[in-house]
Amino acid sequence: MLREQATALLMRCGDVWHVLRRDGPGKIQFWFIALVIGVAAGFAALFFRKGINFLQETLYGTDDVRLIHSFAETLPWYLILIIPICGGLVVGLILNRFTDDGKVRSVADVIAGAALNNGRVEGKAGLASAAASMITLGTGGSTGREGPVVHLAAVISTWVSDRMRADGITGRDLLGCAVAAAVSASFNAPIAGALFALEVVLRHFAVHAFAPIVIASAAGTVINRLEFGGVTEFTLVEEGALAFYVELPAFLILGLVSGLVAVLMMRTIFWADDLGSYVRRRTGMPRFVRPAIAGAMLGALAIWFPHIIGVGYETTSAALTGSLVLHEAVVFCVLKVAAVAITMAGRMGGGVFSPSLMVGALLGLAFGQVATSIFPDVSGSETLYALAGMGAVAAAVLGAPISTTLIVFELTGDWQTGLAVMVAVSLSTSVASRLVDRSFFLTQLERRNIHLSKGPQAYLLAMFRVANVMRTPDDPRAAPDDAIWAAIEAGHWVERNATLETALPVFETTNRQFLPVVTMGAEGEPPQIHGALFHVDALRAYNRALAATAAEEHS
């Protein structure tokens, strides 16, 4: 018995040695590439942040960009108005010149690139978007820096993937490495950076992707700490105290309210974007003017409420330390939502994560002030509600409860209030995901008819062109000519440029074995027949794609 166990152990050791010899060098090489990408993405995030700071210091004349709204209160009103107008005009000219649609690229495009384009994103448009977003945030735009940084990092990984001729799995892993490093370098949050890449961008937690992504995330954090040290983004005055059993229902209610506010924030942004597009179509204004008009609206608002300028860390810190009274928290929360909607509807660039942190902190503080005044004997600190609200709104907007919970802890350094934050985050995410398409980013994609929110069983169909799956007329198994013409006369056919997303529902309704693939001619002209799409071929391609996706997600 002992001899058999020893023999089995030796065989296992031999298998391990064989795996190390076969896969070890490749793994080590890939981890080295992940490290290099992490360093590059970390520096990109650092330079992006330093660029924003330089613009704000130069244009507003402040010595500390973290206190920019307090400093802006001392500036002449016309300066506060003019700076975002000029910034918006420059942004409009950049996007008009270097993008085909005048829109900045953001996290939603990175998610789509991971799912549909083998981990690649647009290069030229991505660089233009980063420049536009830097100018937006440097000249008073009211968004965040995480979206542009994530896409900029994705541009770096795309360049590496193209040089390596990486396949889809490798390209997605490299993309995850770049995103993790960028988020970590932006917020000094290595754990949340790694989980953000897995939870939001790759949308799976495959073991094979974990090690390189963690390596890249750690590299990005090192870049941040070499410049800014190991300090947290926000400093709390006191540790939150939680009356455990009595106060938890209040955090459940806060989570519910936070989810509804997050939905309101997202829908306000989309409504404002639709309104801006409608006005531009009706007036015929050049698209490069749109950001300048948004800049004028932001400047006018900032004359009275400079709290909306930039990322908003000063106001968020004030909420987390309880330095605002109730009416200030409510007014600033409403104004921040309006300012974010104006900025993004004006196509000025930036992300939604930092604004959602600010809105959540303000909402949580207001809720906490009300709750602690009603039940003062059983309530903890009102700043604990601000912390929980910050996480709850941000998690609902991003659709990322795990990484958002961790990033709140890493931003504040307060790990003692985890239960309150998790309770609020879980309920807010659950509520918001049922009222929108899971998150702000996936709802953006749904508005473009990219159905990632419904899972691979939905979006994989859009990846297969009918022309790539059909049987051509010279195929030995091609459909008979008379059957093809009979199907066309019955109106059962698909266009050559269609996808399986269009074709499979036709199979279901017609119950045919194949559909002619045609290009319809002008009136009175016969259609051009390219071949026939067989139901069995379409299902086979679909099943293979599902199997490959499942294998990647569980490897």
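Good morning. Residues are numbered from 1 along each chain as its sequence is written, and side-chain values use heavy atoms, with hydrogens and water left out. Because the model is predicted, local features need pLDDT of at least 70 and side-chain atom pairs count only at pLDDT 80 or more, while totals for chains, interfaces and linings use all residues.

I begin with the helices. Helices (H or I, at least four residues) and strands (E, at least two) are DSSP runs, numbered from the N terminus. Two packed helices are described by the angle between their axes and the distance between the axes. The axes are lines fitted to C-alpha atoms, for helices over the stretch in contact, and the angles run from 0 to 180 degrees between N-to-C directions.

How do helix 14 and helix 15 pack? Helix 14, residues 353-374, meets helix 15, residues 382-398, at an angle of about 140°, and their axes are 6 Å apart. Helix 14 is therefore oblique to helix 15. The classes are these: under 35 degrees is roughly parallel, over 145 roughly antiparallel, 65 to 115 roughly perpendicular, and the rest oblique. The crossing of these two helices is right-handed; a crossing is left-handed if the near helix is turned anticlockwise from the far one by less than a right angle, and right-handed if clockwise. In the contact of helix 14 with helix 15 there are 15 nonpolar, 7 polar and 1 charged residues. Here Ala, Val, Leu, Ile, Met, Phe, Trp, Tyr, Cys and Pro count as nonpolar, Asp, Glu, Lys and Arg as charged, and the others, Gly among them, as polar.

Is L384 buried or exposed? L384 is buried, since its relative accessible area is 2%; buried means under 20% relative accessible area, exposed over 50%, and partly exposed in between, with a 1.4 Å probe and protein chains only. L384 and A361 are 23 residues apart in sequence, and their C-alpha atoms are 9.6 Å apart in space.

Helix 14 also has helix 12, residues 313-320, as a partner: their axes come within 9 Å and cross at roughly 30°. That angle makes helix 12 roughly parallel to helix 14. The crossing of helix 12 and helix 14 is left-handed.

I turn now to empty space. Rolling a probe the size of a water molecule over the atoms shows where empty space is left. On a 1 Å grid over the protein atoms alone, a cavity is a set of points where a 1.4 Å probe fits but cannot get out, and a pocket is an open set with protein on both sides within 12 Å along at least five of seven lines; lining residues have an atom within 4 Å of a point. Grid points are joined across faces, edges and corners, and a volume is the space filled by probe spheres set on the points.

The largest pocket has a volume of about 490 Å³. Its lining consists of 20 residues, and K103, D273, R347, Q444 and R448 lie nearest its centre. By class, this lining has 5 nonpolar, 5 polar and 10 charged residues. Helix 10 (244-283) and helix 18 (440-447) each supply at least two of the lining residues, and helix 10 gives the largest share, 5 residues.

R347, from that central group, lies in the loop between helix 13 (326-345) and helix 14. With 14% relative accessibility, R347 counts as buried. Most residues other than glycine have a negative phi. For R347, phi is near 60°, a positive value.

There are 3 cavities of 30 Å³ or more. The largest cavity holds about 80 Å³ of space, and its lining includes E146, F353 and L398. Helix 7 (168-187), helix 8 (190-202) and helix 16 (401-412) each give two or more residues to this lining, with the largest share, 3 residues, from helix 16. The lining of the largest cavity divides into 7 nonpolar, 2 polar and 1 charged.

I close with two loop residues. N118 lies in the loop between helix 4 (107-116) and helix 5 (124-138). Its phi is near 55°, again positive in a residue other than glycine, and at 39% relative accessibility N118 counts as partly exposed. E73, in the loop between helix 2 (68-72) and helix 3 (77-98), is exposed, with a relative accessible area of 51%. E73 and P306 are 233 residues apart along the chain, yet their C-alpha atoms are separated by 6.6 Å.
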